[in-house]
2 protein chains.
Amino acid sequence: MTSLPTGHLGEVDPTSDRAVFRQIADQLREAIDRGRFREGEKLPSEAELVDHYGVSRMTVRNSFSILQGEGLVHAEHGKGVFVRPRPPVRRLASDRFARRHRDQGKSAFIVEADAAGSHPQVDSLEVKEEKATQDISTRLGSARKVLARRRRYLLDGRPVEFAASYLPLDIARGTQIAEPNPGPGGIYARLEELGHRLDHFEEEIRARMPSPAEVKTLRLASGVPVIHLIRTAYDTEGRAVEVCDTVMAADAYVLSYQLPAT
Amino acid sequence: MTSLPTGHLGEVDPTSDRAVFRQIADQLREAIDRGRFREGEKLPSEAELVDHYGVSRMTVRNSFSILQGEGLVHAEHGKGVFVRPRPPVRRLASDRFARRHRDQGKSAFIVEADAAGSHPQVDSLEVKEEKATQDISTRLGSARKVLARRRRYLLDGRPVEFAASYLPLDIARGTQIAEPNPGPGGIYARLEELGHRLDHFEEEIRARMPSPAEVKTLRLASGVPVIHLIRTAYDTEGRAVEVCDTVMAADAYVLSYQLPAT
DNA sequence: CTCCTTTAGGTATCTAGACGAGTGGGCGAG
DNA sequence: CTCGCCCACTCGTCTAGATACCTAAAGGAG
């Protein structure tokens, strides 16, 4: 017995209740979990599995599609099917908007990524005035027109996050917030300079599968969900002065919050 | 033209770069987004789409499997393929562990769900002593043996959350925390009675696709991610006194946090 | 040595058909 | 009228094979 590519795998029972393609997926999954196939390593090809199990090619592909849906493997056309490596994650701490982080010349994202030794980029900047959607309008206390700032964040060339900030036009129009580069400390620093002292933020977090547009923008592999975060910033008067709608590749993030127990 | 079941759908271009099954999925997705098919409504059957588009059945099934992966539709054997209804969501506010919520006789989950008009249940209770995993041990400050409390939460009969609490054995052994029913206010109230006044919580949030075991436990439809939340409770001495590992059906939850801007 | 072509081995897509199995309505027996 | 069976419709699984296209390495032309 040489080290056959399918050496770790057993057989399937066609008479079992469990469908053959699920049995094959189970065996591959277990082999991956046990480290028989390591991260980035190539799995046996479709043809090899067809031979090994004595099933048709569609059945093998069906198995692969299960594992892809679980985000365990990814297929590369012409090369093979590989165990998906777990990418480095970015931790978002709940104090990331603390005032003390707001004095540097660069954005929080750049500073943080540099510190972590990654290569950060910000991309597809768009700043324009537009009509607020129903949801944004509600969150901003019925603002009708807003300034929208959209950008994409990349880490080592990989898109990880797409964010859109919305501010009521009566606050943002004509200020540096309406410029592509909002200056040191970002828009929160500018808001405070404009007299809107920030009081607190509210963050709503959901997770779901991405839309096709999000798959494209974030270059998501199949089986990777997104984290959808909607943050509303309130000033000390209780007015909502900004809503930031962020979609993150879930495999690239861990969010971290600290809560008082009082 | 009567109201054919496929009346809203166009044609496909086999010469297009975009694969036929993707084109079909696109058309169905758009029809759903536009409300041509409503929540819970049945889509055209495979056979009808085969006739309409003039493709083979595998191609149509391929389209359906895309939409299933996106969590947009679900198939019911013998009945058809249906637009997946968006279930009611449970909002988790960041003050849900505030001391003022800790005096009632029932658990926070029960109280909250009752208030929202849902029928809550707690299930598969397991309380036992065990060896801590590496991760849990680290989070609990190198505790080796722990008390583990596992339970599943259901809303209107649907499982929505599976949670496991771990406490250092030297704190929990022999106390009411080791009983199936920890009493009014839950284990946090008991911890404080034991002299561990709670100072703050730390929550880590991830999103990912569920493992097969999680699919089973939470009866998840395909295309539904899970939110994985790990909460560590610290007492005023800075000691980690509990770790709670929670897996939630992502389509049933919105997490909400309030952050100070200081 | 460099660059292009060929080729072997991958996956992507599609067809056509077969059988299995869950669901629900119609219809006949009682 | 009611109950139970049958059947039509539906999705689930599997086979067998064809074509297309991608990738990498080998080999030949310059």
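Which residue of chain A forms a salt bridge with Arg91(B)? In this predicted model, the partner is Glu204(A), and the closest N and O atoms of the pair are 2.6 Å apart. The interface of chain B and chain A holds two salt bridges by the rule applied. Polar contacts across that interface come to 12 residue pairs, with both residues at pLDDT 80 or more.

Three elements of chain B each give two or more residues to the side that touches chain A: α3 (57–69), β7 (198–208) and β10 (253–260). The largest share, 11 residues, comes from β7(B). Sorted by class, the residues on this side of chain B are 19 nonpolar, seven polar and 11 charged.

The extent of the interface can be given in two ways. Counted by residues, 37 of chain B are in contact with 37 of chain A. The other way is by area: the size of an interface is often given as the accessible area lost when the parts come together. Here the two chains bury about 3,200 Å² between them, and 59% of this lies on carbon and sulfur atoms. On the chain B side, the residues that lose the most area to chain A are Tyr257(B), Leu259(B) and Ala261(B), which together account for 21% of what that side buries.

Strand pairing also crosses between the chains. Strand β7 of chain A, residues 198–208, pairs with β10(B) in the antiparallel sense, over six bridges. Within this pairing, Tyr257(B) of β10(B) stands opposite Glu203(A).

Now turn to the DNA. Around DNA strand D there are 24 residues, of which Val20(A), Phe21(A), Thr59(A), Arg57(B) and Arg61(B) come nearest.

A polar backbone atom of Ser56(A) is 2.8 Å from a phosphate oxygen of DNA strand D. Lys79(A) has a polar side-chain atom 3.2 Å from a phosphate oxygen, whereas a polar side-chain atom of His77(A) lies 3.1 Å from a base oxygen. The elements that give two or more residues to the surface near strand D are α1 (20–33) and α3 (57–69) of chain A, together with α3, β1 (73–76) and β2 (80–83) of chain B. By class, that surface has eight nonpolar, eight polar and eight charged residues.

Technical notes
Residues numbered from 1 in each chain as written. Chains lettered and ligands numbered in written order. Predicted model: local features only at pLDDT ≥ 70, side-chain atom pairs only at ≥ 80, totals over all residues. Heavy atoms only, no water. Contact = heavy atoms within 4.5 Å. Buried area = accessible area lost by both parts, 1.4 Å probe. Salt bridge = Lys/Arg side-chain N within 4 Å of Asp/Glu carboxyl O. Polar contact = N/O pair within 3.5 Å; in protein donor to acceptor, adjacent residues only side chain to side chain. Helix = DSSP H or I, 4+ residues; strand = E, 2+ residues; numbered from the N terminus. Nonpolar A, V, L, I, M, F, W, Y, C, P; charged D, E, K, R; others polar. Pairing = 2+ DSSP bridges. Near = heavy atom within 4 Å.
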